[in-house]
Amino acid sequence: MKKSFYPHPPKNRDPETQHKKKFVPKGGARPKPPQGKAPQKASELDQLIKMGRWVIGLHAAEEALKMRPHAVKRMLIREDWETIPALKALHELAGYNEVSIQEKTPGQIDGLLAAAQAGGGHQGILLVVSGRPEIDWAGLKTKEHSVLLALDGLEDPQNLGSILRTSWLMEVDGILVPQDRAAGLTPTVSKVASGGAEHIAIESVSNMGAEFKQIKEMGYWIFGLSEKGKQTIWDLKLPEKIVWVIGNEASGLRVSTEKSCDELVRIPQAESGSSYNAGVATAIALAESARQKNQKINQDKNRKPLKD
């Protein structure tokens with residue numbers, strides 16, 4: 001039977017010395033046990049978890065090394081990295097930025113992820129990164145055009161990762177999520193986001209309604225995507241600063257969140273009994289807001305100044 005990558009050592013025993021023979025002096029007398037409980041050395045797993053968030057996957061790791069190389073505290077890379085061009089490039093980038101590098105077998109990296117319940121599909125690379133992007137609230141107050149997202153209880157890591165990736169490409173300024181009943185920035189999310197997690201800030205809030213009140217004072221309009229909406233997103237003439245609110249995959253928006261929105265709007269669909277995937281619905285809404293924004297910018301450029 002294959003041994004577990006993280007065997008649990010017996011209590012009060014250092015995992016690094018548990019297999020070594022104890023020293024027995026001549027005469028057979030054994031040394032007296034030390035008084036008190038000896039301090040336990042933290043496992044590699046515990047150390048890596050305390051160092052920061054984990055990023056897995058080739059694209060996600062590459063973006064993390066490009067965007068915040070000095071925040072990358074450790075790189076775990078499969079031992080035959082030299083035979084894989086993409087891993088070789090990441091190894092060189094990490095070395096250039098003086099990142100601590102450890103070589104592991106793919107099975108060892110699998111073991112770490114499994115022990116941390118952090119998903120899989122690492123593609124031979126795992127980064128430990130401290131910190132993450134933050135929303136620039138001061139800058140948003142004076143920004144002319146801006147789009148934010150609020151995810152009201154989105155729980156699927158695949159959806160969150162997809163939304164992060166789309167948000168990066170559509171220049172979203174930040175994402176709000178509730179502190180409870182919501183997917184977090186896990187290694188799986190970072191991998192699906194393919195680098196988006198290094199560009200888009202996610203901020204947890206305790207009260208979404210109270211947060212909306214403050215955002216409205218900054219000139220934003222709050223639009224909740226819901227089948228209850230009387231208007232479709234194609235009917236709207238969107239303002240310069242908006243927040244798209246996306247509900248839970250199964251239950252949609254909470255009633256309290258609906259009441260905090262300026263308006264509920266829907267995306268047209270052929271079948272009334274079904275609904276769009278949350279990530280797809282977000283992409284459609286962001287594409288429409290980007291289309292209207294570009295249209296306004298082009299109109300302003302082409303508008304001729306009035307003669308005196």
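Leu225 stands opposite Val265 of strand S11 in this predicted model, where helices (H or I, at least four residues) and strands (E, at least two) are DSSP runs numbered from the N terminus. Strand S8 (residues 221-225) and strand S11 (residues 263-266) run parallel and are joined by 3 bridges; two strands count as paired if DSSP finds at least two bridges between them. Helix H10 (residues 278-302) packs on the sheet, where it touches S5, S8 and S10, contact being heavy atoms within 4.5 Å. The direction of H10 makes about 165° with that of S10, with axes fitted to C-alpha atoms, for helices over the stretch in contact, and angles running from 0 to 180 degrees between N-to-C directions.

Residues are numbered from 1 along each chain as its sequence is written. Because the model is predicted, local features need pLDDT of at least 70 and side-chain atom pairs count only at pLDDT 80 or more, while totals for chains, interfaces and linings use all residues; side-chain values use heavy atoms, without hydrogens and water.

Now to helix H3. The buried residues of H3 are Leu87, Leu90, His91 and Ala94, whereas Pro85 and Tyr96, on the other side of H3, are exposed; buried means under 20% relative accessible area, exposed over 50%, and partly exposed in between (1.4 Å probe, protein chains only). The buried residues of H3 pack against helix H2 (58-67), strand S2 (72-78), strand S3 (101-104) and strand S4 (125-129). After H3 comes Glu98, with a positive phi near 60°.
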